[in-house]
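Hi everyone, thanks for coming. Let me put the structure up, and then I'll walk you through a few parts of it.

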Amino acid sequence: MDVDAYVAAHNAEWLRLERLINRGRRLTGAEADELVDLYQRTATHLSVVRSSSPDPQLVGRLSSLVARGRAAVGGAQAPLWRDVTRFATVSFPAAAYRMRWWWLGSAVLGNLLSLALAIWVVHSPDVQATIGTPAEIRELVEHDFANYYTEHSASSFAFKVWINNAWVSATALIFGILLGVPTVYVLLLNQVNLGISGGLMFAYGKGSVFFGLILPHGLLELTAVYLACAGGLKLGWTIVDPGPRRRGQALAEEGRAAVSIALGLIGVLLVSGLIEGFVTGWVHITWLRITIGVIAEAAFLAYVIVLGRRAVRQGQTGDTDLHPDLAPVSG
């Protein structure tokens, strides 16, 4: 290797790295990112020099620079609160906004299925008979459906439904890698349960009770489930049609975006779980219960639309920027 040519090619990067190291904690966010990138490159340069032309002077210079860069990078990591803030204001809303058409499609098709099934149950005594005896159904619609929300303490019930819904959503997302088949199953199972419950309640004149108990938490909860299904379906479809990207690259990017959605939905489902635990069964004014649910749903949609659209316009996808410790360079 021509040492002089190598130094000429990369000296500007080394000098820039040294200047950034000397600035210490006074770096901007962009400069901190540049520091990390230049440190990685210089570490690779050191490896190349050692293996190709172990010039003692150059090795010493680069070793010192890499050691100082490592110390600076270790001390220049963004604090946890900044990572959390970026995730909440950029990564998650961007990933959710990118999925908007898959998300909307899951919601529309799922609710059309539930509506059709509910109508079938309402108008078909034979279907009702396959679900249970008249006495069992009456017990369900007059007591069990409402009692479900109050048979446990509010806190334990909220925790229970939060864990359950988070597991359902994670299943829909993660197993989307299997061409989306498990995701479709989760969506169908969710909508069938909703349609049968609604159909039985309406068949026995309890439609207002059904909506009065479902809407407060169900608006946000179902929206979260539909978003999880959208992420799983998009992940499965990426296997079939990766677009202009290589299949492996596309899967990696969509998989990391799916992780952003999964992590974000933990918080969303926590809110819906709290509403279900502390509002649905314990706030006895129907219009107030529903209003709380509508406000929570409107706030979440506004959050995704406003922050997500802004982030996507800035080129964000919800993917995670992952850089190897040694960045390969030419020469």
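Let's begin with a question: is Phe 87 buried, partly exposed or exposed? Please keep in mind that this is a predicted model. The answer is partly exposed, because the relative accessible area of Phe 87 is 24%, and the cut-off for buried is under 20%. Phe 87 sits in helix 4, which runs over residues 80-98. Leaving out residues up to four places away in sequence, Phe 87 touches Phe 92, Pro 93, Ser 260, Leu 263 and Gly 264.

Next, a helix pair. Helix 8 covers residues 154-174 and helix 11 covers residues 247-280; their axes come within 8 Å and cross at roughly 150°. That angle is over 145 degrees, so helix 8 is roughly antiparallel to helix 11. The crossing is right-handed. Among the residues making the contact are Phe 157, Val 161, Trp 162 and Ser 169 from helix 8, and Ile 261, Leu 265, Leu 269 and Phe 278 from helix 11. Sorted by class, this contact has 16 nonpolar, five polar and one charged residues.

Let me stay with Ser 169 of helix 8 for a moment. Its relative accessibility is 3%, and therefore Ser 169 counts as buried. With residues up to four places away in sequence set aside, Ser 169 touches Leu 265 and Leu 269, as well as Ala 224, Val 225 and Ala 228.

For contrast, here is Ala 129, in helix 6, residues 125-131. Ala 129 has a relative accessible area of 55%, so it is exposed. Between Ala 129 and Ala 5 there are 85 Å in space, C-alpha to C-alpha, and the two are 124 residues apart in sequence.

Helix 12 has 28 residues, 286-313, so at 1.5 Å a residue it should span 40 Å; the end C-alpha atoms are 40 Å apart, which agrees. Which residues of helix 12 are buried? They are Arg 289, Gly 293, Ala 296, Glu 297, Phe 300, Val 304, Leu 307, Gly 308 and Ala 311. As a reminder, an α-helix has 3.6 residues a turn, so residues three or four places apart point the same way. Just past helix 12, Gly 315 adopts a positive phi of about 95°.

That's my tour, and I'm happy to go back to any of these spots.

Definitions and conventions:
Residues are numbered from 1 along each chain as its sequence is written. This is a predicted model: local features need pLDDT of at least 70, side-chain atom pairs count only at pLDDT 80 or more; totals for chains, interfaces and linings use all residues. Side-chain values use heavy atoms; hydrogens and water are left out. Helices (H or I, at least four residues) and strands (E, at least two) are DSSP runs, numbered from the N terminus. The expected span of a helix is 1.5 Å times one less than its number of residues. Buried means under 20% relative accessible area, exposed over 50%, partly exposed in between (1.4 Å probe, protein chains only). Axes are lines fitted to C-alpha atoms, for helices over the stretch in contact, and angles run from 0 to 180 degrees between N-to-C directions. Angles under 35 degrees count as roughly parallel, over 145 as roughly antiparallel, 65 to 115 as roughly perpendicular and the rest as oblique. A crossing is left-handed if the near helix is turned anticlockwise from the far one by less than a right angle, and right-handed if clockwise. Contact means heavy atoms within 4.5 Å. Ala, Val, Leu, Ile, Met, Phe, Trp, Tyr, Cys and Pro count as nonpolar, Asp, Glu, Lys and Arg as charged, and the others, Gly among them, as polar.
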